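Open the model in your viewer and keep the selection tool at hand.

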Amino acid sequence: MTKWVYGFGGGMADGSAGMRDLLGGKGANLAEMSAIGLPVPPGLTITTEVCTYYYAHERTYPAELTAQVEAALAKIEAEVGTVFGDAANPLLVSVRSGSRASMPGMMDTVLNLGLNDATVEGLIAKSGDARFAYDSYRRFVQMYSDVVLGVDHYHFEELLELAKEEKGVELDTELSAEDMKALVADYKAKVLEESGAPFPDDPRDQLWGAVGAVFGSWMNQRAIVYRRLHQISESWGTAVSVQAMVFGNMGADCATGVAFTRDPSTGENTFYGEYLVNAQGEDVVAGIRTPQQLTLAAKRAQGSELPAMEEVMPEVFGQLREVRDLLERHYRDMQDIEFTVQQRKLYMLQTRSGKRTVHSALRIAAEMVDEGLITPEEAVSRIEPQGLDQLLHPTLDPDAERHVIARGLPASPGAASGAVVFSSDAAEAAARNGERVILVRIETSPEDIHGMHAAEGILTTRGGMTSHAAVVARGMGRPCVSGAGQIRVDYATGSFFVGEVTVAAGDRLTIDGSTGEVMLGEVATVQPELSGNFARIMDWADGARRMRVRANAETPADAQVARDFGAEGIGLCRTEHMFFEGERIVAMRTMIVASNEAGRRAALDKLLPMQRDDFVELFRIMEGLPVTIRLLDPPLHEFLPHTEDEMAEVAKSAGVSVAIVRRRALELQEANPMLGHRGCRLAITYPEICEMQARAIFEAAVEAAKTGEAPVPEVMIPLAATEQEIALLKAIIDRVADEVRTATGTTLHYLVGTMIELPRAALRAGKIAEEAEFFSFGTNDLTQTTFGLSRDDAGSFLHAYEEKGILEVDPFVSLDQDGVGELVRIAVERGRATRPELKLGICGEHGGDPASIGFCEAVGLDYVSCSPFRVPIARLSAAQATIAQRVAAE
């Protein structure tokens, strides 16, 4: 019989941390904490396989599930001495989701389940505290109604606010037991009004309703969006953990909190977290009340007047510190923990690897190596490559003028400027139009996930360092300032106020998530400096990786940035980008409108010294490293004049009439230019273009060698489909090289290869390798020609393909390993069968995508090439791919 339910508690557990695929991260870690002797309330976990079954069988459960849940519930009852559904001695439980990948706040939770009008009296009798019991009851009705019955939480928040107004109090903790009892009745009446059905009283009906809601939440919109953003497979499913309740809201000797074993923003090895007295866990993360600091040091640093846990509950705090040390040693990673204190007794409710900024991830990994907890290779594997993007872009200039209007908590580091928006939908719409925005909210909730991703930064007026906004922003690498309490947001008018200042939607704002400052307007920035822990991790990465990393660059500025970031050459120099400015574009256009070869050569003679000078600079910056130069690729019509003034300028330069220029422009128009007269087809038609570019390359190589290391240029023929095209153009390139060699008396070393960007080229790679000395996979065009998709137009409908599960990810973002990848594999195998020493690389945008880099390692490419700012990402990803391949082979 299949085991669908795993129990834990009392120092024993059916599962372990290694079973996260089956038990989800939460269930696996609850089992592990229980097994190592930590105070974990007993519970049960329904496996992810039930979730898979649920969706495969029209939202029904396996036949054996009910009996297995009842058996596990009986063990919980025996452990805690209470009975589920018993009016005199009730067991109350929490029901939480937990997938194998951490998805903070994305799926639904229900607390205090099992309460009804009878069991609440039993809870009063046991606790001696009617206010606590009815507070728990009204929280349960609100949560259950929102999560399970679909009655929006704002209905209940409105009723709570009305109750506080009637009583003349500000905090819900100031309401009496009778007030809470009245709220329960009001809440139930609202449920009946909104749903047309009474609130369920039977605890078992409540339990199965909550289990179904958790499984249902796996497919809610915010979870779908989160999975898409973090490339989490829908097929994984979620587990459900049912756990005996412990109460942080029973009085002043109770508390609940969230902590990190190290500072998630800076990585400092210091205990970091927040708690609330007389509260339940959702209060801390929801940002409804301002939380208090765990430690005296953090209290002083925040300038808070609220007492720290270290001084209010010193004995419990000491136990919590011991748990912190034990968990970090056990998991060998920074942990994010949740705890509750019930009548001064500590209970652990969760541990998981903590979300962290890239700055803190680098520091934590490096310091854990120093502490002997992990190896350098483990440190390299711990860093999220895409997260390095946070380090590689400007931060606020410390000397720039700032108009600071408010301060909040430095919830997620980095700086961002943009137009103010007040809703996540507005943020997403603006981002689609290329606008940079700052999302301003009173507090964020999981429904804001799409807006937070679209925004440059997030500003909230409520919430602490462990609020939803803070945790999600850190995970996304978005700057965030939370808890800026001086700001008053008015959603109705689309504005916020702070002192005498009013800021409206569309006004420019800057936030600094490292200091908590909120500033009017845009503030100047400075370029990042990469050193310290970043340099150590990257040194370890460079020592681990097999593949080389190059950059796509054609300007000296880009080439220098690439070198500064550790590029080991240029994998793609797009020569056409050098022709679009000043005198060059005029000479280029003159060449295009020329009616014969002599006219074209005359124009190309003007371009030759310009192109040669560009190559000299690139060769000198690269100091003997390989430089792959792609011959002219785009259709000629891209260079044509469009305005009357441009046409007149070209006509004058070419010595022809404007009418001739206009006619030539019309002649060069194509119905489908991306599959038209471009790439090597231009050089086949106009071999003099290939001659000029080859001469510029080789003369530049000779010149660069006079003052530095001799370069070895790699001349790349684009869009070739046949070996004959390569042979024809290679003959021209070799002839020009001989001419330059003879004229200068210099020995030239170079390679001639091709870009594999057509399916036919991949399939005929064996024959093409007879001529080509290297392949560079141009996966942008190879993806277009394999799918029959236009990269410029596919964005309007590819999201529908992702939502319907046809594609897991946009194939222009991450390489389609099944289709396009199969063509790459074929080309690698057939090319190297012909020429074993064939050099292989990739130069499309996929060269900077971690998943695609992993594929490149698996198929044996020699290098990847990406944009300059993604070079560190590629270096780290290549190292992780090498390490993963070695581990898999062991």
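**Stop 1: a pair of strands.** Select residues 93-99, strand S6, and residues 238-244, strand S8. They pair in the antiparallel sense over seven bridges. Strands here are DSSP runs of E with at least two residues, helices are runs of H or I with at least four, and both are numbered from the N terminus. Two strands count as paired if DSSP finds at least two bridges between them. Now click Ser94: its bridge partner in S8 is Gln243.

This is a predicted model, in which local features need pLDDT of at least 70 and side-chain atom pairs count only at pLDDT 80 or more, while totals for chains, interfaces and linings use all residues. Residues are numbered from 1 along each chain as its sequence is written, and side-chain values use heavy atoms, with hydrogens and water left out.

Stop 2

**Stop 3: two hairpins.** Go to strand S21 (residues 488-490) and strand S22 (residues 495-498), an antiparallel pair with three bridges. Asp490 has Ser495 as its bridge partner in S22. Four residues lie between these strands, and Gly494 takes a positive phi near 65 degrees. Ser495 finds its partner in S23 at Ala504. This hairpin has two residues between its strands, and Gly499 in the turn has a positive phi of about 60 degrees.

**Stop 4: an aspartate in a loop.** Select Asp263, in the loop between strand S9 (255-260) and strand S10 (272-277). Is Asp263 buried or exposed? At 10% relative accessibility, Asp263 counts as buried (buried is under 20% relative accessible area, exposed over 50%, partly exposed in between; 1.4 Å probe, protein chains only). A polar atom of its side chain lies 2.8 Å from the backbone nitrogen of Ser265. Leaving aside residues up to four places away in sequence, Asp263 touches Glu268, Thr270, Tyr272 and Ser360; a contact means heavy atoms within 4.5 Å.

**Stop 5: the cores.** Select Phe615, Phe698 and Ile733, the residues with the most contacts inside the largest nonpolar core, which has 125 residues. Such a core is a set of buried Ala, Val, Leu, Ile, Met, Phe, Trp, Tyr and Cys residues joined through side-chain atoms within 4.5 Å. A second, separate core of 81 residues includes Trp4, Val184, Phe215 and Ala430.

**Last stop: zoom out.** Show everything. The protein has 34 helices and 34 strands. Its C-alpha atoms fill a box of roughly 100 × 65 × 55 Å, taken along the principal axes. Of the 890 residues, 56% count as buried.

Technical notes: Polar contact = N/O pair within 3.5 Å; in protein donor to acceptor, adjacent residues only side chain to side chain.
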